[in-house]
Amino acid sequence: MKDHKQHLVVPILDLQRLKVISALGRGATGVVFLVVNEESSESLALKVILRESIEKKCNGNDDQYKRVWFEQQSLMCFKHPLLPRLRGVLSTDKVVGYAIDYCPGQDLNSLRNKQTERMFSDHLIRFYAAEMVLALEYLHNLGIAYRDLKPENIMIQDNGHIMLVDFDLSKKLTPKTPKASPTTTATPIKPDESATTTTKRRRSLFQRCCNSGISPEDSVVSVTKPESEPESCGKSNSFVGTEEYVAPEMILGNGHDFSVDWWSLGIVLYEMLYGVTPFKGTNRKETFYRVLTEPARLVGEATLLRDLISKLLEKDPVKRIRVEEIKGHDFFRGIDWDLVLTISRPPYIPLQHLENGIEGKEGIKEIDVELFVQRIFQTSGECEKNKVDEEDTTNKYNEENNQNVNKGVWVNGLNNNPSQTSSFSVF
């Protein structure tokens, strides 16, 4: 793994050599485009961020830069079939960006809307739930709390398997003890004496893209595998996420750990089963009140799936079911966890060229990617978003702000008040 780390080379992308097919969506920090690399003919999802939004350090601190840095560093270290690979970085005078593999199946919401009555069967839920568990387990073994699991961030790859995307709210949790398993499960990127050259090279690459003097050492990802998920790390007190998927302990501000991801998994499974989330209110305040005080209404006969969801939506994080109990739950009885990722025919295989029309498209005529991103974010505000954010805690119950800009909307040209749609996909 040291050899891999030392020889990892991230391609530098040339904006002039990328054919823009369409704008896929917008996120909290940037706009995502479907592009084709003319040199390799590969389809990529390119996330483009205003350089000035990083250099100005949103709201007077360096949080924006640290998030971009952390996401890029995480993408560099992932070696898992359900997580994205960093396929290249982009830098101009006005924007920076990075690319991952494009997922032609869109997101889980898009797939749900294709189902009868817009709800998944237990059989389909079982497959996608198993893959989400494996992806989250891998992240937790890296010491990373994902903190933004939702259908919009669960993409369908061309082979039918899922891919988790969007790591700008993820967090490296500090281990409580130095004890660790002698084995690792992914490529390490934590700096050590033997990898000083590699670390400097990676840092300089990103600093060339961002032209910033900040060195976010506290955002570097370690991959030592914890002995056990519940006791292997400290807690974070930050307040982030998407409101319908946020765990009770995050709302209360009592500190949180990996368990917030298992809560979000429960919300996603509930939504797959019923077509709606369990605690959504008319505004953010009401949603949070329901999360804290109301049980999830699991309408219907008692089933193994409903039992699993109830255990995931346990409001006390100490009592909430964790990874080993989840994998051992009767809902997953008969699953060989070592073989899930080798399934050659998942339930849904996207027809890339026919469904998405990539082949033969000439791209968006005369689109100026830099101007496109600049107009969207300068008009709507650098830091507006639907996500619950550390900078937004004082306004977290402000209904007006909650209605303006959100991460789950489609970009209609340069419309800065876009309408929601099920086909939104995000990096």
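This is a predicted model: local features need pLDDT of at least 70, side-chain atom pairs count only at pLDDT 80 or more; totals for chains, interfaces and linings use all residues.
The unreviewed UniProt entry places a "binding site" annotation on Lys 47. The residue sits in strand S4, which spans residues 42-50. Lys 47 counts as buried because its relative accessibility is 3%, under the 20% cut-off.

Next, turn to the salt bridges, of which the whole structure has 16. Select Glu 39 and Arg 17, whose closest N and O atoms are 3.7 Å apart in a salt bridge. Glu 39 belongs to the loop between strand S3 (31-37) and S4, and Arg 17 to the loop between strand S1 (12-13) and strand S2 (18-26), so this pair ties together parts 22 residues apart in sequence. Colour by accessibility here: Glu 39 is exposed at 60%, while Arg 17 is partly exposed at 36%.

Move on to Arg 297 and Glu 294. They form a salt bridge with the closest N and O atoms 3.5 Å apart. Arg 297 is exposed, with a relative accessible area of 55%.

Then select helix H10, residues 304-312, which holds both Asp 307 and Lys 311, four residues apart, or about one turn of the helix. Their side chains meet in a salt bridge at 2.9 Å, N to O. Asp 307 is partly exposed at 29% relative accessibility, and Lys 311 is partly exposed at 34%.

How values were computed: Residues are numbered from 1 along each chain as its sequence is written. Side-chain values use heavy atoms; hydrogens and water are left out. UniProt positions are given in the numbering used here, feature names are shortened, and annotations may be inferred rather than shown by experiment. Helices (H or I, at least four residues) and strands (E, at least two) are DSSP runs, numbered from the N terminus. Buried means under 20% relative accessible area, exposed over 50%, partly exposed in between (1.4 Å probe, protein chains only). A salt bridge is a side-chain nitrogen of Lys or Arg within 4 Å of a carboxyl oxygen of Asp or Glu.
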